[in-house]
Amino acid sequence: MTISEQRAERRQDYDGASAFPEAEQHILVGPAQAGLTAAIVVLPFIGLGIAIFLAWGQGVTLTDLLLAAILYVVTGLGVTVGFHRLLTHASFTARPWLRVALAVAGSMGFQGNVIDWVAVHRRHHAFTDRPGDPHSPYRYGTGLRGQLRGLAHAHLGWLFTDDQTPVERYAPDLLADPAMRRVARAFPALCALSLALPFLAGWAITGTLYGGLTAFLWAGLIRVALLQHVTWSVNSLCHVIGSRPFKTRRHDRSTNLWPLALLSFGESWHNGHHSEPSCARHGLDRGQIDPSAAVIGLFERFGWASDVRWPDQARLERRRAGPRQQARAPARD
Ligand SMILES: [Zn+2]
Ligand SMILES: [Zn+2]
């Protein structure tokens with residue numbers, strides 16, 4: 001039996017409660033990449049400290065907050081509507097210029113280049129909450145200690161393990177698209193632009209370098225950190241706490257977590273999403289606010305998006321979970 005066959009067999013043996021076979025294999029990324037990832041994660045908090053120090057007693061300027069809000073919305077929708085719903089799951093077809101614009105906006109969110117992001121996320125759907133999932137909070141089992149360790153891994157720790165997702169296997173469509181390859185190559189430049197824009201805007205609006213600096217801190221670093229942690233919370237919290245109104249595949253414990261709905265642009269209706277992955281709307285029930293779906297609806301009205309996969313009510317009712325499946329929501333069962 002080859003190693004991969006052995007692994008596949010062990011995956012099938014997975015009982016839904018014990019640690020993954022690979023749980024204790026911690027092959028760390030190289031020092032250069034670890035340093036870079038750590039810098040990307042830590043720098044915003046140094047920025048936050050400086051920003052609070054500068055703002056102490058005089059408040060933050062409206063300019064800083066407005067710039068932060070605009071960039072949060074643009075880069076956030078780039079990730080949710082672009083990277084996730086369009087490029088990973090093909091929930092709709094976009095005009096070529098819109099496809100590129102969304103990929104560029106998402107790249108400015110500091111979450112990796114578009115092709116890697118899509119490959120990792122497709123792998124997450126292929127192996128949700130079982131061995132092979134790149135960021136499952138159940139990696140270390142469902143005991144209390146394992147669960148806490150798993151949450152830390154799913155939120156942030158997975159970024160530091162050398163667990164390459166082969167893009168040839170998971171994102172061949174994007175690799176074959178010259179425009180997407182170009183956007184992926186431009187990722188470092190787009191990150192630089194994502195920080196330079198607020199600095200230049202703050203400088204231009206206030207006419208002072210100090211104004212540029214505070215805009216850089218709030219609308220650059222702090223905005224990036226907030227979006228990162230909201231996205232990572234979908235990976236960690238939205239597989240552990242919340243409700244499970246819809247059926248998902250075996251072992252998949254994705255949840256709907258309403259407090260994050262607005263900040264995550266509808267992505268925290270994660271149980272709805274895992275139940276119907278290619279659906280353009282993740283908030284499948286009434287009152288589940290889903291700004292990303294609203295934006296896709298606008299694109300459709302303008303004629304920029306077509307073949308939008310909106311929810312099918314009859315199908316949804318069939319996907320509704322019975323009390324037994326809903327009860328699988330708690331961390332330990
Ligand atoms: Zn998930
Ligand atoms: Zn997804």
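Mentor: The axes of α10 and helix α11 (residues 209-236) come within 7 Å and cross at roughly 145°, where axes are lines fitted to C-alpha atoms, for helices over the stretch in contact, and angles run from 0 to 180 degrees between N-to-C directions. Helices themselves are DSSP runs (H or I, at least four residues), numbered from the N terminus. This is a predicted model, in which local features need pLDDT of at least 70 and side-chain atom pairs count only at pLDDT 80 or more, while totals for chains, interfaces and linings use all residues. Residues are numbered from 1 along each chain as its sequence is written, and chains are lettered from A and ligands numbered from 1 in the order in which they are written.

Trainee: What is the handedness of the crossing in which α10 passes α11?

Mentor: It is right-handed, a term used if the near helix is turned clockwise from the far one by less than a right angle, left-handed being the anticlockwise case.

Trainee: Which classes of residue make up the contact of α10 with α11?

Mentor: That contact has 12 nonpolar, 7 polar and no charged residues, with Ala, Val, Leu, Ile, Met, Phe, Trp, Tyr, Cys and Pro counted as nonpolar, Asp, Glu, Lys and Arg as charged, and the others, Gly among them, as polar. Among the residues that meet are Leu195 and Phe199 in α10 and Ala215 and Val224 in α11, contact requiring C-beta atoms, placed from the backbone, within 7 Å.

Trainee: What makes α3 oblique to α5?

Mentor: The axes of α3 and α5 come within 10 Å and cross at roughly 60°. Angles under 35 degrees count as roughly parallel, over 145 as roughly antiparallel, 65 to 115 as roughly perpendicular and the rest as oblique, and therefore α3 is oblique to α5. The crossing of these two helices is right-handed, and the residues making the contact include Phe83 and Leu87 of α3 and Val114 and Val118 of α5.

Trainee: Why does Ala103 count as buried?

Mentor: Ala103, found in helix α4, has 29 C-beta neighbours inside 10 Å; a residue is buried if that number is 20 or more, exposed if 12 or fewer, and partly exposed in between, so Ala103 counts as buried. Ala103 touches Gly82, Leu87, Val114, Met180 and Val183, leaving aside residues up to four places away in sequence.

Terms used
Two residues are in contact if their C-beta atoms, placed from the backbone, lie within 7 Å.
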